[in-house]
Amino acid sequence: MPATATPTDVAAVPQTLHPSVTVDSLRYPDIADLISRLHFSPEDGHIWLHDQRMLLLHASALGVLRRELIESLGLDSARGLLTRMGYNSGAHDAELARRVRPHAKLTDMFMVGPQLHMLEGMVAVEPVRLEMDVERGKYYGEFIWTNSFEDEEHVRIYGIGAEAACWMLVGYASGYTSVFMGRPVLYREVECRAQGDNRCRIIGKPADDWGDEANEDYRFFQAQAFTQGVFGDGSNRTNDARDVRSATPFKDDHVVGVSAGFNAVCHMVKRVAPTQATVLFLGESGVGKEVFAQTLHRISSRANGPFVAVNCAAIPESLIEAELFGVERGAYTGANQTRPGRFERADGGTLFLDEIGILSSTAQGKLLRALQEGEIERVGGTQSRHVDVRVVAATNLDLREESRAGRFREDLFYRLNVFPVTIPPLRERREDIPVLMNHFMHKFSARHGRQVTGFTERAISAMLSYSWPGNIREMQNMIERAVILAPEDGAIDIGHIFSNADKPKTSVFGLGDGGTLASYDSLERQHGDGDDPSTERVFRKVSSLLGGNCDDSDPTSLDEIETALLKSAVNRAGGNLSAAARMLGITRPQLAYRLKSRGLRDS
């Protein structure tokens with residue numbers, strides 16, 4: 001693999017920014033492809049950028065919003081909200097970039113972000129330095145901003161101050177590049193007109209490469225409860241000088257994410273943590289309900305007490321009462337000794353009841369009494385025991401519907417439903433995918449003693465396009481397998497993530513020719529031919545013909561199309577002519593003849 005170039009001035013010599021991708025200089029490509037996707041529909045009150053609804057707002061109105069947030073919430077909280085708002089916008093535009101320019105050079109595809117930033121009226125962007133290697137996870141970007149709406153509004157309201165003010169723009173750049181690279185990339189504003197500088201200038205690098213200097217900026221990308229105050233004593237100290245990134249280390253009991261849906265859940269958890277209210281986590285299997293429950297316990301006043309988890313689905317119905325409430329010696333055959341249940345073991349702490357929707361009716365009744373009275377009674381016992389326990393429950397069932405069907409006690413449902421928190425599925429918070437990919441890659445690389453550099457472009461595209469029916473748990477398992485299968489000091493490719501056994505069972509899609517979604521197999525075929533410019537040109541031509549948008553200035557003959565198909569099949573089959581012939585539905589001699597007649601094979 002070619003070495004990644006050292007960052008140089010973009011007007012200087014050619015740079016190798018990615019294996020097999022070379023550019024003469026970093027120039028903006030024509031913006032016509034972006035403008036063609038911008039549609040105004042005044043009759044129904046819509047503005048569309050491709051499939052995303054947009055708004056045309058007064059900059060002064062956003063300035064008023066900015067002032068209200070600062071004065072009502074404080075500078076740090078306002079900055080965090082606006083930064084995450086920008087991150088969300090950038091993440092959406094990164095997905096659009098791969099659809100708009102699926103066959104463009106890497107830098108031209110990446111430049112969709114800065115060009116959209118300018119098209120959307122946010123800021124003028126001048127690239128200074130750029131270095132990117134997606135497979136090795138290497139990135140360095142330096143850009144100059146002029147005419148930033150944010151610093152104009154901030155200076156108009158507050159004048160020149162001591163802090164950089166382009167919060168939304170920095171969030172946008174970080175979100176866009178993080179999704180594009182498939183790992184968290186953090187930008188810092190090292191110069192800002194709101195501080196009295198002549199211009200705004202930003203530098204972006206992977207979050208891990210910043211070291212201690214970016215700690216103050218990093219915390220604004222996540223809800224404060226999970227980046228500032230995760231201590232064993234349950235306190236929420238916001239001025240601690242430690243590295244805030246350590247609040248989300250590579251452990252199973254820490255939440256990771258940056259999306260609006262993720263942060264909404266974080267704020268709900270932070271709000272309820274200091275109370276003693278019963279919390280009910282709702283969401284599909286694998287979204288991380290237990291991890292959020294552990295975080296709730298860790299930032300609550302009960303953090304010094306035990307956290308006891310019970311998977312109600314894993315305990316036989318005949319033993320669930322004994323597990324929850326304990327058992328007296330001789331209560332039933334095999335009860336040779338007295339032992340406390342989970343309620344007693346969680347005394348002074350938190351009891352997490354996972355899959356609570358499957359509890360038997362008898363266990364439901366006893367659980368209701370324990371919640372109401374704060375007392376439990378061991379199986380076979382007669383003595384009531386007081387317990388000080390906070391119950392946190394979780395289920396992927398609709399308990400309201402279960403109660404209507406008579407399978408779950410209605411009174412227990414209302415008792416548990418004091419503070420419901422719904423965790424959205426991963427497909428509804430795709431901004432979290434790059435962060436989670438990076439998180440699990442590091443976690444399992446350390447666990448298995450592997451050295452993996454990152455993800456290939458097509459692996460990132462497939463991950464972003466996949467529906468994730470198993471949510472974060474499914475991603476965790478897939479990336480663990482990928483880390484094991486990937487070559488040492490190499491990148492994780494799509495075949496490492498989605499095994500052969502997964503192919504017929506999953507709908508794995510990536511971006512194919514013409515920017516449309518392509519199946520797993522066709523995606524691999526397309527990328528297998530990516531090094532041949534003539535083949536790529538034919539693919540683009542065929543796509544434009546089928547799409548009814550043919551460019552007559554670039555004629556393509558049927559002979560060229562057939563040649564491209566032959567080369568594609570041979571490349572896809574790794575040079576095996578018999579396999580290539582089967583792909584094309586012809587015999588091996590027929591294929592050999594066609595290759596020889598076109599000078600693609602000597603004999």
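In this predicted model, strand β7 (residues 138-146) and strand β9 pair in the antiparallel sense over 5 bridges. Within this pairing, glutamate 142 stands opposite isoleucine 203 of β9. Strand β9 also takes part in a pairing with β8 (residues 185-191), where 6 bridges join the two strands and the direction is again antiparallel. Here valine 185 is found opposite proline 206 in β9. Strand β9 itself, spanning residues 200-206, is mostly covered, with 7 of its 7 residues buried.

A further set of strands is worth a look. An open sheet is formed by 3 strands in the order β3-β4-β5, with antiparallel pairing. Its edge strands are β3 (38-41) and β5 (52-54), each of which pairs on one side only. From one strand to the next, the twist averages 30°. Strand β4 (residues 46-49) is joined to β5 by 3 bridges, and these two run antiparallel. Leucine 49 has glutamine 52 of β5 as its bridge partner.

Turning to the interior, nonpolar side chains tend to be buried together in soluble globular proteins. The largest nonpolar core in the model holds 84 residues, and Phe110, Trp145 and Met475 have the most contacts inside it. Helix α7 (residues 167-181) gives the most to this core, contributing 10 residues. Apart from this core lies another, made up of 29 residues, including Phe343, Ala363, Val389 and Phe413.

Leaving aside residues up to four places away in sequence, methionine 475 touches Leu426, Ile433, Leu436, Met437, Phe440, Met463 and Trp468. Helix α17 covers residues 432-448. Its 17 residues reach 24 Å from the first C-alpha to the last, close to the 24 Å expected at 1.5 Å a residue. Helix α17 is mostly covered, as 13 of its 17 residues are buried. After the helix comes glycine 449, whose phi is positive, near 65°.

Most residues other than glycine have a negative phi. Tryptophan 468, however, has a phi near 50°, a positive value in a residue other than glycine. This tryptophan sits in the loop between α18 (457-465) and α19 (471-485). Although it is placed in a loop, tryptophan 468 counts as buried, because its relative accessibility is 0%, below the 20% limit for that class. Asparagine 471 likewise has a positive phi, near 60°, and is a residue other than glycine. Asparagine 471 belongs to helix α19. With a relative accessible area of 0%, asparagine 471 is buried.

A polar atom of the serine 300 side chain lies 2.8 Å from the backbone oxygen of histidine 297.

Technical notes: Residues numbered from 1 in each chain as written. Predicted model: local features only at pLDDT ≥ 70, side-chain atom pairs only at ≥ 80, totals over all residues. Heavy atoms only, no water. Helix = DSSP H or I, 4+ residues; strand = E, 2+ residues; numbered from the N terminus. Expected span 1.5 Å × (residues − 1). Buried < 20%, exposed > 50% of the residue type's maximum accessible area, 1.4 Å probe, protein only. Pairing = 2+ DSSP bridges. Axes fitted to C-alpha atoms, helices over the stretch in contact; angles between N-to-C directions. Core = buried A, V, L, I, M, F, W, Y, C linked by side-chain atoms within 4.5 Å. Contact = heavy atoms within 4.5 Å. Polar contact = N/O pair within 3.5 Å; in protein donor to acceptor, adjacent residues only side chain to side chain.
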